[in-house]
Amino acid sequence: MWTLTTNKNWEQLKKLSWVNDMHGVPQSPVYHAEGDVAIHTQMVLAALENMEEFKALQEQEQEIVWAAALMHDIEKRSTTITDENGNIVSPGHAKKGAITTRQILYRDFVVPFDIREQVVGLVRYHGLPLWVFEKPNPVQALLKASLEVNIGCLAMLAKADVLGRICSDANELLYKIELFKELAVEYDCGDKPKQFASNLSKFQYFRKDDRHPDFEAFDDTKTNVIIMSGIAGSGKDFHILKNYPLLPVISLDDMRRKLKINYGDTKGNGHVIQAAKEQAKEYLRKAIPFVWNATNITLQMREQLIDLIEPYKPTIKIVYVETGYAKLIAQNKNRDFAIPLHAIEKMIDKLEVPKLWEAMEVEYVIH
């Protein structure tokens, strides 16, 4: 069983720099009269450990939720500001906190991929149960989260987050969490990921705001596209050679070397990407299946690529390849064309692992 730490004493936890950083980070006295982020986090952990629903979890599930509770406000340290009205706010702390959580659990702890991503997802969505009904499309927001985290555990974390603070609207917030849980039950994702009629139906639902989640899309796909994703040196080339030996491959690295463009040449890389897109369009027009081989480590990168190819009606599969941190560094050193270590570290800092809602199919290949 994985555990973040066997010693959950706060004085011991403070030896972790990112825990110690919580001390002195201010919070709104209106919503967090208890004090700074460190005090709040300790109160959240205590509240969580006293909750009957937490005690009922399997031991590994408890460790996942506990780790998420410890890390849920990790990036208030970098996002907390005083706005124009004098209010203390921390915009974007959940999204940034999720990325930081992934970095820590990847670099500093030996955490199995599935467990790590559950912790990351809980940090990312820990405020959703409180604010889901303020989203432009509450149901879509809920169902997207259900494909990343266990909604029951997410509601549990949100409840601990409320109980671990001093505020005048605690009862209202707890009521919101109950409504969130009822919405999840209504859409059959309270304790499992939302099930869609097909992978195509799932893909189209999250790309449009006017689709019902139970709508079954007509399959008019014409070809297949494999989009590789993963940090340089993780093993994407080997995976392609082993699994797609007969498909044409659009490789940004190969194009870069062919055009004699250095890895860090921003302007040159723009020419490489444009050439790759033109080649992709040619394959798509002829309905020729192919593999797009690049790092594609951020959601924005993948969305831009999918926006390019989706109008040609291919089936789209993302294959994410990952290897452990130490092995990644070693493999990169042994590559024919090694990438500078600082560039690898920068990729890790930016990494957003592909999620099931991004494409018709998402495969995780973890070494």
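## Strands, cores and rings

Thr100 touches Ile74, Glu75 and Arg77, leaving aside residues up to four places away in sequence; contact here means heavy atoms within 4.5 Å. Before going further: this is a predicted model, where local features need pLDDT of at least 70 and side-chain atom pairs count only at pLDDT 80 or more, while totals for chains, interfaces and linings use all residues. Residues are numbered from 1 along each chain as its sequence is written, and side-chain values use heavy atoms, with hydrogens and water left out.

Thr100 sits in helix α7 (residues 93-107). Helices (H or I, at least four residues) and strands (E, at least two) are DSSP runs, numbered from the N terminus. Is Thr100 buried or exposed? Buried, because its relative accessibility is 9%. The cut-offs are under 20% relative accessible area for buried, over 50% for exposed and partly exposed in between, using a 1.4 Å probe and protein chains only.

Ser28 is a loop residue, found between α2 (17-20) and α3 (37-50). Ser28 has contacts with Ala33 and Ile88, again not counting residues up to four places away in sequence.

Now for the strands. β6 is mostly covered, with eight of its nine residues buried.

What about nonpolar cores? A core is a set of buried Ala, Val, Leu, Ile, Met, Phe, Trp, Tyr and Cys residues joined through side-chain atoms within 4.5 Å. The largest has 65 residues, and Trp18, Leu48, Leu70, Met71, Leu122 and Leu143 touch the most other members. Helix α11 (residues 151-163) gives this core its largest share, nine residues. Leu143 is in contact with Tyr187, Cys189, Lys194, Phe196, Tyr205, Phe206 and Pro213, leaving out residues up to four places away in sequence.

On to the rings. Rings of Phe, Tyr and Trp (its six-membered ring) pair if their centres lie within 6.5 Å; planes under 30 degrees apart count as stacked, over 60 as edge-to-face and the rest as tilted. That rule gives eight aromatic pairs. One of them is Phe113 with Tyr364, a tilted pair at 5.3 Å centre to centre and 45° between the planes. This pair links distant parts of the chain, since Phe113 belongs to helix α8 (residues 113-124) and Tyr364 to strand β7, 251 residues apart. Here is how accessible some of the residues named so far are:

| Residue | Relative accessible area | Class |
|---|---|---|
| Ser28 | 12% | buried |
| Phe113 | 9% | buried |
| Tyr364 | 30% | partly exposed |

Tyr283 and Phe290 make another tilted pair, because their ring centres are 5.4 Å apart and their planes lie at 35°. Both of these residues, Tyr283 and Phe290, are buried. Phe113 and Tyr364 also belong to a cluster with Tyr320, linked by ring pairs.

Finally, charges over rings: NZ of Lys or CZ of Arg must be within 6 Å of the ring centre and within 35 degrees of the ring normal. Lys8 lies over the face of Trp66, 4.7 Å from the ring centre. Lys144 lies over the face of Trp357, at 4.0 Å from the ring centre.
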